[in-house]
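The following note reviews the model in numbered points.

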Amino acid sequence: MIEHRLHRLKIQITQIVVFVSCLLSLVSLGVAEDRFFEIRAKKFSYTPNIIKVNKGDVVKIRLISEDVYHGLFLDGYGINTLAYPGQEGAVKFVADKTGRFSFRCSHTCGEFHPYMIGYLYVSPNRLFPLGASGILVFAALSLALSFRKSGKAAKFKLFGLVPLDWRFELTRFKVVRNLFKNRWFPFIPIVINLFVFTIILLAGILGGWGAGNYNFGVMIVWILWWVLLMMFMVPVVGRLWCMVCPFPLIGEWMQRGKLIGVGRQKSWGLNKKWPNKWKNLWPLVILFWISTWFSGFFTVRPLATFMLLGTIIVLAIVISIVYEKRTFCITMCPVSGFMGLYSNFSLCAVRRKDPEVCQKHTLKTCFLGNEKGYGCPWMELPYEMNRNTYCGLCLECFKTCPYDNMGFFLRPFGQDLFAERRRTDDLYRRRGLDEAFKGLTMMGIFLSFFIAFQGPFGHLKDMARATTLGGYLAYLAESFLVDFIFIPGLLLLFAFLSKRMSRTKEVSLKTVFVNLSYALVPVGLAIWAGFSLGIILPNGSYLLHILSDPFALGWNLFGTANFPWTPVFTGIMPYLQVLTVMIGLLFALDLGYKLSLQTYKTVEESRRGWIPILVYLVIIHLFFLKLFCG
Amino acid sequence: MTRKTNEIIAVALIVLSTIGTVIGVFAVEKFRRGRIYTVELIARQPKYGNWYPKKFTVPYGKETRILIRNIETVSHGFAIPDLNVAAKEIKAGEVVVVKFTPDKKGTFPFMCTVWCSDEHLHMTGEITVE
């Protein structure tokens, strides 16, 4: 009897399962439909800006322009059409690729043309669930690994493989050492850069209020330089840009009286000292944030790029007359802040070789200077420097050290995040909330930039380019709230939870907040690299045009002046972006737990305190995943 | 090399890479202009400056080469209907050279032929053939 009942129940269950799965498959797969969309294009948005179809649908799009020539290029499908007032564009295709694809304007229609974007969703979107499960798996693995090991490890190892204090000296090779000790280096790269920047400035002023996407200045600075900075220079070499930056050249020449030889150690100018309590990243946090207010102008208008660079050059000269050494670079250059913070993650560093040699050498020529070179222009103490934040790679210490005790080292990513605190860190109030807020505001600025410039929302673009004063002020207010209140607030909440869960009484909330914010260094680099992919892949082909015709005078230096706008790999771009975000997460998980170990006194406290931060990292990464592909 | 020659070389390099570059660009452009075209015309929406120059004169019976630079952010076109001269769409940032030999004397209108803005119809100028 019971068996009979069980059998009937089984049949019923099977029937229900079959029915439900049929229903589900009907819903999820759907039936291939004909879908028709009428998209109206107007500077600088599409209406509708987001369209959703299912895999297999036959999609027909009619493009209507309401003002000037507009195009529609669909990432991944490579389809393109043009519309013009009175002449419609049309495309028809089978939606056989799934995911989120951007469609972009393919015909220069105004200054914000490169930012004119809409989204096409072809469901089912496999990348988002795949990425999300990846994030959860990595987090679970990281948690399991952190609970498995017993006791505090004697040595931190990156991913359990490379000891974090491992280093390999590149200056052991005579060629490198001789190059670094030569007074013509890095002068020669700076002069080459000076030549490039002369062209940029000239193109900027000649380009006027014209189209940025056909201007040498705008393209080299905001497509090539920015992308190189975020994807190569900072993560690999640190402040490589500062080594070759031409902006301080004039000021430094005036201070020293010589270009190649060693002249005055003390500036001829007022030689004032910058107040100690502001020798940290705070001025740079504020100044970079202020400079992003104008991003809707200087990334699209040649003259705005010219004015920005011109202001920086003039400021660099004035500051170098009033203040000592490289005060401008340390406290005022807008890009110096994030380069400094993110350089702590970089693969390379300048460090002393043997601490004993430095100890015996009582006259610190690396700080004071001698007849071979200048005392550290960045006012670091090279003999005890242990972080990259304030090392501009000017290589003077290689020249001034009489014992050849300075080295250029390869080391594992993120070594500096665990460096010991030094006297100057406390004296100048460094490595506190200033660096935490630098990392947090960089995340906020990424958010504003990504949503405004790579997102599909026309009204946000209008706010960023200040079509109305009210809208622009609202954009700035929004940026302030996100960068300084909301994002730090979220981390504060989880830092608070971390402290509560660790049940410690010895560590202050501020210490937890600051220490664990360093886990955001690889995260920041990764999301900015993802953002950079969204700039270089669709718009990199403009570089070919501007190299051949830098001043828009009709030149054709390399025969590529008429190369058309050609987006590359935009079909797999979301995959590449998700990959970079994942790499950032892996580093954040590995380094984050070690930061927790360093923050709390015992292993048990660190483990418990690590859990909220892990949850925080998972939440923000799910959010980034949503931004890039969801 | 003495220290003094080093300094002189360094200063020379700086001057060459800055002032030298600027002078070089303008010199090359001046030389090129004489060979490639006779008139330079800048195309902009009426709101941002319209054609520049709006009026110009070319000689009768000689080949005229008009270099049109669209230094703006939208597409423009160019035509002189009375002389049967036209350039197709000139995209933002693009530069084209229109060649023709005027066979009529007088003053003729030229205009933009691509809908560039609300004031597109006002984007006109005058060419005089003497």
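**Review note**

1. Over all chains, the count of salt bridges comes to 29 in this predicted model. One of them joins A:Glu66 to A:Arg40, with 3.1 Å between the closest N and O atoms. This pair links distant parts of the chain: A:Glu66 sits in the loop between β4 (58–65) and β5 (70–74) of chain A, while A:Arg40 belongs to strand β1 (residues 34–42) of chain A, and the two are 26 residues apart.

2. The domain assignment divides chain A into domain 1 (34–124), domain 2 (168–427) and domain 3 (432–629). Taken over C-alpha atoms, the centres of domain 1 of chain A and domain 3 of chain A are separated by 28 Å. Domain 1 of chain A brings 21 residues to their contact, and domain 3 of chain A brings 22 residues.

3. The area buried between domain 1 of chain A and domain 3 of chain A is about 1700 Å², and carbon and sulfur atoms give 58% of that area. How many salt bridges are counted between domain 1 of chain A and domain 3 of chain A? The count is 1 salt bridge. A:Arg465 forms a salt bridge with A:Glu111, and their closest N and O atoms are 3.5 Å apart.

4. On the side of domain 1 of chain A that touches domain 3 of chain A, β8 (99–104) and β9 (117–123) of chain A each supply at least two residues. By class, the residues of that side are 10 nonpolar, 6 polar and 5 charged.

5. For chain B, the assignment gives domain 1 (1–36) and domain 2 (38–129). The C-alpha centres of domain 1 of chain B and domain 2 of chain B are 35 Å apart.

6. The contact between the chains takes 40 residues from chain A and 36 residues from chain B. About 3000 Å² is buried between chain A and chain B, with 68% of this area given by carbon and sulfur atoms. In chain A, the residues that lose the most area to chain B are A:Trp184, A:Leu553 and A:Trp555, which together account for 18% of what that side buries.

7. Between chain A and chain B the count is 0 salt bridges. Across the same interface, 12 residue pairs are in polar contact, both residues being at pLDDT 80 or more. Two or more residues of the side of chain A that touches chain B come from each of α4 (187–207) and α7 (249–256) of chain A. α4(A) gives the most to that side, with 9 residues. The side of chain A that touches chain B has 24 nonpolar, 9 polar and 7 charged residues.

8. Over all chains, 59 aromatic pairs are counted. A:Trp225 and A:Trp241 form an edge-to-face pair, at 5.7 Å centre to centre and 70 degrees between the planes. The pair links distant parts of the chain, with A:Trp225 in helix α5 (residues 216–237) of chain A and A:Trp241 in helix α6 (residues 240–244) of chain A, 16 residues apart.

Methods. Residues numbered from 1 in each chain as written. Chains lettered and ligands numbered in written order. Predicted model: local features only at pLDDT ≥ 70, side-chain atom pairs only at ≥ 80, totals over all residues. Heavy atoms only, no water. Contact = heavy atoms within 4.5 Å. Buried area = accessible area lost by both parts, 1.4 Å probe. Salt bridge = Lys/Arg side-chain N within 4 Å of Asp/Glu carboxyl O. Polar contact = N/O pair within 3.5 Å; in protein donor to acceptor, adjacent residues only side chain to side chain. Helix = DSSP H or I, 4+ residues; strand = E, 2+ residues; numbered from the N terminus. Nonpolar A, V, L, I, M, F, W, Y, C, P; charged D, E, K, R; others polar. Domains from an automatic or database assignment. Phe/Tyr/Trp six-rings, centres within 6.5 Å; stacked < 30°, edge-to-face > 60°.
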